[in-house]
Every structure is written in structure tokens, then in C-alpha cells.
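Dear colleague,

Please find below the sequence and structure that I am handing over to you. My findings follow directly after them.

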Amino acid sequence: MHDVSDLKHRIKNMMVENLMLQVSVAEIDDDQALFGPGSLGLDSVDALQLVVALDKNFGLKVPDPAAAKVILQNVNTIAAAVQRHQTGGESRS
Amino acid sequence: MSARVILVTGGNGGLGQAIARSFLDESADNQIWLGVRANRSKADALAAEFAGRCHCVELEVTQPESWKSAVSRILAQSRRLDVLVNNAGSHQDSLLANMTPGAWQQVLAINLDSVFHGCQAVLPTMIGQRHGRIVNIASLSALLAPMGQTNYAAAKAGVVALTQSLAKEVARIGITVNAVCPGYVETEALARMDAEERKAAAGRIPMRRFGKPEEVAAAVRFLACAKASYITGSTLKVDGGIL
């Protein structure tokens, strides 16, 4: 449980730094939508940067837009994908 | 000036050679990679002259897999990629009425598709670095399309448009994308003109002379330098004042 919250914190930190977000890590909720109305307000360029950052920081490849749509919903979904990858459940393309 | 890793496509041509030399002059620490195909004697000679600083890498610019392989090789050896100069190009001029579909497609592939594939190949690296410079060699034909070059002019106009659009996409990531439009420059293409064509061409240039590859290379080097950090999406003509 401690590992999961630490992972989510690292993901949020990565988002704030790489996307130059004007919010702090503490202000991002785990289940807050990243895109769309009422979300963190990310756009397609942010998504592109997130995909590269996930590969660079966690070795997680997001192979196509369909996978990105599933993985990049919120911090929870990103953390789950990273965990699956780290335990060998996520295929690397 | 800190050391940079630079990939120049069309590394065997006169303009590619001049661009490479310009970056070699910029810093003794720069690493230059020349994208080459089967015809590579001049590129090999330059790599031999600047052994350890200048390298050749096999690159078929119209093939995404070839780009992937070339970028992987550069990263394996140089660890980063700071500048991409999309310089490779060719033309097959004829009136549209006589132009074969093959001539149309080939010129579009070499001059425009190549830029798409190249940018796509280097972007993940440049995004990861949060820094990069892309300079696309377009042509004056993109802005002032002459007769007999529907394929080439359309391709180069496409390069200018791609440059502007991509520049907006990656501006916030620290990557700049600019185009250079050379006019009549003393390269292989100009050497193929006969005396009468050269005279007519020179007459259209306010400076009354053809450009030198080094003069185009200087523009490329400027757009790729650190001080050009607020210039993106621009098109820089190097044409002796034609337009």
C-alpha cells in the first residue's frame, strides 16, 4: 500500500515537472480526470509528453492511442499500468 | 558552446557537406552524423577528415524503419540528439502534363515524406531531453513555384506547412522547428544547368550571383544555435533577394 502511494506521488511529480503544471502535487487527486471538462486540463501535447516520460521514468511503453486512452485517464490508471508493467503483466512493444 | 549531436540528412550532397562543416567549425566537441545511402564517397571522406567527430549512418529517408535504426545507432554511440537537419531531397522536373505518377510520388516521398518520418523518429528523444532543434531545408520553389516543378514545389510547400504546424505542437517542450528556403545555390542541381539557363537564372537574382552552400549552412547553423531559442515556425529565405 505504501508502495502504491509512493508510486502515485512519483507519477504526480513527474506530471508537474514535465508538463510544467501550475498546480502542486498535493492538489492532484488520484482519480481526477486528466483530460476533458472538469479535469486537470491536459491536452494532446501533454499526452505526448506523458507517454515519453512514462517510458523514460518507468520503462512503460504506451504503444498506440487506444492504449493511451485507457492508461492516461487519471493517476490511478497510470499507476496500475506501471505496476502491471513492473510485475511483467504489460507487454512491451 | 556546449557539445551537440547533430544529424544531417543528404550528407553526401554539396549542401549537406557545407552544413556538416559549419557544425564541425562551431565546436570541436560537436558530433556530426551524416545520413547517407549507397552514394556516399564525399560523406565518407568528410568522416575520415574529421575522424571521431563526424560519422556516417545508413539512412533511407523515405523508410520509417531506416530512421528508427539510424536514430538508435546515434543514441547508442552519442547518447543524445540535439539537432536534426532534414536536408535530403531531389527533383525530377517536367511539365505536369508530362509528369509520370512515379515522378510525382517519388519527389513527394523524398522531399516531404522524409521530413515527416525524420521528425517522428527524433521527437521522442527530443521530448525526453526537453530540448531540440529541427531545421528543414525547403526551397524558394515553396514560396515562388516555377513552372515544371509542380511535384517539387508542392513537396517543399508541404515542408514549410509541416514546419509551422509542428513548431506549434512542440514549442512548449523546448523544441524549435524552422525552415530554410535556399534560392539558386551552387550545388549539384545548379551544375546540371546549361550556360543559357544559368545566365537566365542569375538575371532573376537581385544580387546577380548564385548563393554558396556555406551561406545556406550559416542560416541553418543560426536557426540551430542556442541564441535562436525564441525562433520557431519561421521560414528563412536565403536567395539573394529574389522575393
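Helix α8 of chain B comprises twelve residues, 213-224, and at 1.5 Å a residue these should span 16 Å, which agrees with the 17 Å between its end C-alpha atoms. The expected span is 1.5 Å times one less than the number of residues. Helices here are DSSP runs of H or I with at least four residues, strands are runs of E with at least two, and both are numbered from the N terminus.

This is a predicted model, in which local features need pLDDT of at least 70 and side-chain atom pairs count only at pLDDT 80 or more, while totals for chains, interfaces and linings use all residues. Residues are numbered from 1 along each chain as its sequence is written, and chains are lettered from A and ligands numbered from 1 in the order in which they are written.

The buried residues of α8(B) are B:P213, B:V216, B:A217, B:A219, B:V220, B:R221, B:L223 and B:A224. A residue is buried if 20 or more other C-beta atoms lie within 10 Å of its own, exposed if 12 or fewer, and partly exposed in between, with C-beta atoms placed from the backbone. Within chain B, these buried residues of α8(B) pack against α1 (14-26) and against the strands β4 (83-86), β5 (132-137), β6 (175-182) and β7 (235-238). Contact requires that the C-beta atoms of two residues, placed from the backbone, lie within 7 Å.

Chain B as a whole has eight helices and seven strands. Its radius of gyration is 17 Å, close to the 18 Å that the globule rule gives for 243 residues, so chain B is as compact as a globular protein of that length. The radius is taken over C-alpha atoms, and the rule is 2.2 Å times the number of residues to the power 0.38. The C-alpha trace of chain B spans about 50 × 35 × 35 Å along its principal axes, and 45% of the 243 residues are buried. Of the contacts in chain B between residues at least 6 apart in sequence, 72% join residues at least 24 apart.

Chain A has four helices and zero strands, in the order α-α-α-α along the sequence. For its 93 residues a compact globule would have a radius of gyration near 12 Å, which agrees with the 12 Å of chain A. Its C-alpha atoms fill a box of roughly 35 × 30 × 20 Å along the principal axes. Buried residues account for 27% of the 93 in chain A.

Where do the two chains meet? Six residues of chain B are in contact with five residues of chain A. On the chain B side, helix α4 (residues 101-129) gives the most, with three residues. In α2(A), A:L48, A:Q49, A:V52 and A:K56 meet B:P124, B:I127 and B:G128 of α4(B). The axes of α2(A) and α4(B) are 9 Å apart, at an angle of about 80°. The two helices, α2(A) and α4(B), are therefore roughly perpendicular to each other, a label that covers 65 to 115 degrees, whereas angles under 35 count as roughly parallel, over 145 as roughly antiparallel and the rest as oblique.

Finally, A:D64 lies in the loop between α2 (44-58) and α3 (65-71) of chain A. A:D64 counts as exposed because it has 9 C-beta neighbours inside 10 Å.

Yours sincerely

Terms used:
Axes fitted to C-alpha atoms, helices over the stretch in contact; angles between N-to-C directions.
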